Amino acid sequence: MRSIRNGLVLALGITMTTFGLAACGGDDGGAPAASDPNAKVELSLATFTEFGYEELIPEYERLHPNIKITHRKTGQGGPYHQDLITKLAAGSGLADVTAVEEGHLSNVLDKGSKFNDLPKIGPAEASPDRWLGWKYDAAKTKDGKVIGYGTDIGPLAMCYRKDMLEAAGMPSDPEAVKPLFATWDSYFAAGDQYVTKTGGKAWFDSAAQNFNAMVNQLPTGYIGNDDKPTLESNQGIKDAWTKVTDAVAKGQSAKLTAFSNEWNSGFKQGAFATKVCPAWMLGVIEEHSGPENAGKWAVTAAFPGGGGNWGGSYLTVPTQSKHPKEAAELAAWLTAPEQQIKAFKAKGTFPSQVKALEDPALLSETDAYFGGAKIGQLFAEQAKKVAKPQYKGPGDGQIQENASSPALQAVEQGKSADEGWTQLLDAAKKITR
């Protein structure tokens, strides 16, 4: 599985290398209009980190001799998306096909007029039933436009240290642990048991990691369908806050900031026993836990509260593109099941297409580091458990990254739960005012 694509995009407080998309994508006025199917067309494709497209681009060019693709790839997602918003406002400079990470999708959905409605210009085979329903629907604007073709996803399961649960006298087999991870109540109850049996060892890595997953499972998140903040009236969020901060108070958290050096080291040191685990997290765990911990980590097809998703992206066609039809055809081809399986094999990007999730090449995939777990089949099952996508209004991602996560970190460092909640409310108000 790939290492840290979506993780770095969503990581808290990480400074990322500056990147600017060259303006020769949507702005290359020297290219001819493509009324002639044999006319030479230059397209630009902008992605960040790893999409697995390196071998697919020359394949597409071989299949379409009149198409030349310039791939503009950056290593980090933070400044990529900042640059995207800047060029979107400027009206020029974006690539013909521009990738958007799901954590930043709310920042472009309210700017739907600046993107092409793909069902109107894309090929017929890129129909809604190509994708999981929740993945396809998440890229719809309020007025019904579909501005992105889904690439990958990050279905959630639970990863845990088998040896640490065994040492605590708790179930450790992937089937036997499922009741522990059935609901958030059972998960935190198991955490109390683990802390007691181990003399105070941490059950999970970070309060924010659990809280974010809990909030994303709710019918309504930080922003309502009317684009107004919901925090002060959203009982589901308040209940999640209470459960997580109670667990912190009982010693279940290792109090680590996700993607920090201390968090990275925590994997190798056995600083926590369980981990919220999207498909791409397996590579992160293996990288940071090291070869000496091979076989100690396990993953089970269970997640508290049912299903969930963390990560994944879309390919969009901004209205800046001078070749929207050709751009949509490229985006549709790259996100076809056959190509997404190839991308999965290349970089571990877990596919969002229904046929890809049924492909033997995916379902037979195993992971030796996790004891030979059938990870392809496992995460395909988890992907189908995800319910209707939660509406992500403007500011949703910023509240998660810049309000709720810092507030929970403050609680882990000694603030009371009430003080942390006030900090969260105050920070969210500054973001949404």
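Author: A disulfide is a pair of cysteine sulfur atoms within 2.5 Å. The model discussed here is predicted, and the structure holds one disulfide.

Reader: What makes the link of Cys 159 to Cys 277 a disulfide?

Author: The S to S distance between Cys 159 and Cys 277 is 2.1 Å, and the cut-off is 2.5 Å; therefore the pair counts as a disulfide. The link of Cys 159 and Cys 277 is left-handed, with -60 degrees about the S-S bond. Cys 159 lies in strand β4 (residues 149-161) and Cys 277 in strand β5 (residues 274-278), so that the pair, 118 residues apart, links distant parts of the chain.

Reader: Why is Cys 159 called buried, and why is Cys 277?

Author: Buried means under 20% relative accessible area. Cys 159 has 0% and is therefore buried; Cys 277, at 0% relative accessibility, counts as buried too.

Reader: Why is Glu 59 called buried?

Author: The relative accessible area of Glu 59 is 19%, and the limit is under 20%; therefore Glu 59 is buried. Glu 59 has its place in helix α2 (residues 56-63). Leaving aside residues up to four places away in sequence, Glu 59 touches Trp 333 and Lys 342.

Reader: What is the volume of the largest pocket, and which residues are the closest to its centre?

Author: The volume of the largest pocket is about 1,000 Å³. Its lining has 43 residues, of which Lys 388, Pro 389, Gln 390, Tyr 391 and Lys 392 are the closest to the centre. The lining divides into 16 nonpolar, 17 polar and 10 charged residues.

Conventions:
Residues numbered from 1 in each chain as written. Predicted model: local features only at pLDDT ≥ 70, side-chain atom pairs only at ≥ 80, totals over all residues. Heavy atoms only, no water. Helix = DSSP H or I, 4+ residues; strand = E, 2+ residues; numbered from the N terminus. Buried < 20%, exposed > 50% of the residue type's maximum accessible area, 1.4 Å probe, protein only. Contact = heavy atoms within 4.5 Å. 1 Å grid on protein atoms, 1.4 Å probe; cavity = no way out; pocket = protein on both sides within 12 Å on 5 of 7 lines; lining within 4 Å. Points joined across faces, edges and corners; volume = space filled by probe spheres on them. Nonpolar A, V, L, I, M, F, W, Y, C, P; charged D, E, K, R; others polar.
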